[in-house]
Amino acid sequence: MKPGKGNIQSFLGILTLLLSLWEMGQTEWSSSGSQPQPHSSGSVLRREKRSWVWNQFFVLEEYTGNDPLYVGKLHSDVDKGDGDIKYVLSGEGATSIFIIDENTGDIHATKRLDREEQAYYTLRAQAVDRLTNRPVEPESEFVVKIQDINDNEPKFLDGPYTAGVPEMSPVGTSVVQVTATDADDPTYGNSARVVYSILQGQPYFSVEPKTGIIRTALPNMDREAKDQYLLVIQAKDMVGQMGGLSGTTSVTVTLTDVNDNPPRFSRKSYQYNVPESLPAASVVAKIKAADADVGPNAEMEYRIIDGDGLGTFKVSADKETHEGLITLQKGLDFETKASYTLRIEATNKNIDPQFLNLGPFSDTTTVKVNVEDVDEPPVFTSLLNRMVVSEAAKVGTIIGTVSAHDPDASNSAIRYSIDRNTDLERFFNIDAMTGVISTAKQLDREQNAVHNITIFAMESKDPTQVGKGIAIITVMDINDNAPVFAIEYETFLCENARPGQVIQTISAVDKDEPPSGHRFFFALTPEAASNLNFTLRDNKDNTASILTKRNGFRRQEQSLYKLPILIVDSGSPSLSSTNTLTIRVCDCDPEGIAQSCNAEAYVLPAGLSTGALIAILACVLTLLVLVLLIVTMRRRKKEPLIFDEERDIRENIVRYDDEGGGEEDTEAFDMVALRNLNVMRDTKARRDVTPEVQFFSRPTFKTLPDNVIFREFIWERLKEADIDPSAPPYDSLQTYAFEGNGSVAESLSSLESLSTDSDQNYDYLSDWGPRFKKLADLYGNSESNIFS
């Protein structure tokens with residue numbers, strides 16, 4: 001049998017692969033190259049063959065030897081072995097990782113290589129003339145590949161894992177897939193080929209060796225028995241063979257719940273006691289059907305399927321605890337029914353059809369409720385009693401009766417009373433034994449039409465047992481109020497009114513409320529019916545119009561009219577009242593609007609209008625205001641700018657009680673000598689502020705005639721006041737005490753004398769007589785005596 005064309009192609013492919021692998025293992029590999037050679041004119045171009053010879057392509061990673069690792073040999077056929085050729089290496093890692101012997105072309109790796117960091121290096125080699133350093137061959141590029149070794153274990157980058165699988169799952173149900181990665185070269189050898197195995201978790205689970213998919217290995221695993229499993233999964237390279245590296249991870253598998261457990265009551269019957277006073281909507285009891293499932297699979301529905309308490313009780317499920325709550329729907333009465341029996345069913349709300357064979361998923365139980373007797377307060381036959389009474393009823397009139405009884409078997413006697421907080425004015429009484437309600441005061445519907453009172457019923461044997469009832473008493477109306485004007489009317493009559501003109505429309509009100517509504521009748525009183533001024537017209541709609549009978553009304557003759565009007569209602573018996581309408585005669589404008597209604601206005605002089613009177617009054621008030629302002633300003637000007645106690649002590653005369661010798665002193669001394677022109681030019685003090693006490697030496701004006709001296713003094717003071725920044729911002733009166741110039745005794749001021757450092761002796765003052773004794777005492781002694 002001859003081989004076909006397809007078999008021949010397969011054979012050739014395998015042969016090519018084997019040859020390639022054989023060449024990779026050889027010590028030398030050749031590649032052809034070309035280099036243009038220089039030629040002279042007329043010569044023929046010629047291609048010479050040049051070859052690079054290598055004895056190795058691959059370098060093992062993680063080399064641990066002490067010597068540099070031999071990579072390969074670079075050789076050019078131009079090299080004759082005479083040392084004229086030098087080999088140069090460049091590119092990735094040249095000189096740092098890879099070095100070349102420039103004489104022999106041998107390449108070595110000087111550092112430890114890691115394929116996981118860099119899988120290959122691209123280098124460039126060139127042969128150059130040693131003397132000229134010019135290339136003798138074109139530059140050639142080659143790749144040094146790092147050959148992988150199994151130096152990395154598989155790693156689970158996403159571990160540890162957690163997963164869940166429904167309980168009762170069939171064998172082979174997928175749980176989760178784990179994946180390990182190996183950093184070694186997956187294209188070379190088996191260093192990166194990983195297989196999986198389970199170290200812990202058998203016999204419940206298994207793992208597929210190639211895919212890492214974890215599956216269930218046992219059927220009917222029950223969550224209620226054990227809900228969680230811890231698995232340890234191993235990944236090993238080298239296809240799991242001896243010497244391979246391995247890594248592990250943990251997988252936590254949780255069995256999720258399914259509804260595979262029906263509900264079951266722990267007891268077939270329950271019994272509860274409740275007091276008959278328990279209010280409606282109260283929880284009577286709680287029952288629960290046990291279910292080993294959780295979450296939605298444990299949700300229950302409860303219902304009463306039988307018994308004599310269907311209308312009295314109801315049952316509902318608590319969503320949190322899944323209990324059945326038995327609730328009272330209406331009040332209990334021990335005397336009427338002492339016990340109830342209920343048959344209750346509990347059913348799973350969410351049933352899984354695939355587990356129906358484990359059912360039924362429901363259960364029933366019997367609940368008996370016993371009603372306990374309690375001492376109850378009296379109960380009114382009717383909680384709300386409506387009664388009516390006429391407001392004309394006399395005191396003691398019976399209105400109605402309330403009734404209450406003791407619901408207990410003892411049937412205690414009942415006593416009645418009124419809650420006076422609801423009958424503060426004590427309009428009603430109640431018979432304590434019979435419950436008859438009667439009036440205690442005269443009633444008035446217009447004050448209070450409805451009375452809402454609370455009635456107490458208490459047991460005679462136990463007054464703490466009190467029942468409450470309500471009595472609503474409506475007061476019926478009688479016609480006991482006469483109609484009156486609806487409002488206080490203010491009627492104006494123009495002097496130019498015509499006969500038959502309507503000047504006012506009136507209406508009435510009545511506090512009574514007749515069933516058929518109000519109907520009022522209007523008329524003038526008999527004494528007013530024959531008056532010549534006004535008449536009344538009943539409009540038959542509970543209103544009436546007042547009309548004039550004549551014209552020519554004048555204020556100066558009569559400015560006010562009183563018109564009595566009789567108003568009658570339609571009650572039985574009817575009531576009436578007389579109301580007086582006041583009519584004022586007024587001066588009106590052409591449109592009939594009243595301008596003035598006072599008769600006194602006619603006594604004013606002709607031509608003097610109200611506007612003129614207002615203008616005169618305004619002028620008088622303005623004059624009064626001006627007078628007050630003037631008086632106030634004058635008083636302010638008379639007030640001194642500074643107080644007496646704050647006056648400048650330098651410009652006041654010191655007064656003493658001793659007056660001296662009177663006329664004798666006048667004759668003995670020349671008064672002109674008291675003048676002194678000593679002024680303080682540096683001080684600029686405000687006259688309305690008391691300055692600090694300071695003492696200065698005073699320069700003296702030269703001697704001038706009296707009028708010139710005083711004129712210069714005044715001008716000097718005026719200049720100081722004009723330039724003084726602390727002077728008042730208003731006109732002020734400046735007062736000075738100027739003594740003149742040329743006093744022989746200089747200044748007699750005791751203050752200034754004390755401020756000087758003069759050694760002048762004042763003992764001669766004691767020779768001037770008794771009138772100068774005080775001065776002699778002040779200045780005649782030594783300084784130590786003055787301050788002693």
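Modeller: Happy to! Let's start at L613, which is found in helix α2, the stretch covering residues 610-638. Please keep in mind that this is a predicted model. L613 has a relative accessibility of 36%, so it counts as partly exposed. Together with I616, L617, V620, L621 and L624, L613 makes a nonpolar surface patch of about 550 Å². C619 is partly exposed as well, because its relative accessibility is 49%.

Now for the cysteines that are bonded. A search of the whole structure turns up two disulfides. One of them joins C586 to C597, with the sulfurs 1.8 Å apart. C586 belongs to strand β43, while C597 is in the loop between β44 (594-596) and α2, so this bond ties together parts that are 11 residues apart in sequence. The torsion about the S-S bond is about 100°, so the link of C586 and C597 is right-handed. C586 is buried because its relative accessibility is 0%. C597 has a relative accessible area of 19%, and since buried means under 20%, C597 counts as buried too.

The other disulfide joins C494 to C588, at an S to S distance of 2.0 Å. This pair links distant parts of the chain: C494 sits in strand β37 (residues 491-494) and C588 in strand β43 (residues 576-588), 94 residues apart. With -90° about its S-S bond, the link of C494 and C588 is left-handed. Both of these cysteines are buried. If you number the bonded cysteines in sequence order, the pairing reads 1-3, 2-4.

What about the surroundings? The chain has seven helices and 44 strands, and 32% of its 788 residues are buried. Among contacts between residues at least 6 apart in sequence, 66% join residues at least 24 apart. The accessible surface of the chain comes to about 49,300 Å², with 53% of that belonging to carbon and sulfur atoms.

For an example from the strands, take β28 (residues 384-390), which is joined to the parallel strand β35 (residues 466-476) by seven bridges. Within that pairing, V388 stands opposite T474 of β35. In a regular strand, side chains alternate between the two faces of the sheet. In β28 the covered face holds N385, M387 and V389, whereas L384, R386, V388 and S390 form the uncovered one.

Key:
Residues are numbered from 1 along each chain as its sequence is written. This is a predicted model: local features need pLDDT of at least 70, side-chain atom pairs count only at pLDDT 80 or more; totals for chains, interfaces and linings use all residues. Side-chain values use heavy atoms; hydrogens and water are left out. Patches are made of residues with over 30% relative accessible area and no salt bridge: like charges are joined within 9 Å, nonpolar side chains (Val, Leu, Ile, Met, Phe, Trp, Tyr) within 5 Å. Accessible areas come from the Shrake-Rupley method with a 1.4 Å probe; for residues, only the protein chains shown count as cover. A salt bridge is a side-chain nitrogen of Lys or Arg within 4 Å of a carboxyl oxygen of Asp or Glu. Helices (H or I, at least four residues) and strands (E, at least two) are DSSP runs, numbered from the N terminus. Buried means under 20% relative accessible area, exposed over 50%, partly exposed in between (1.4 Å probe, protein chains only). Contact means heavy atoms within 4.5 Å. Two strands pair if DSSP finds at least two bridges between them. A disulfide is a pair of cysteine sulfur atoms within 2.5 Å.
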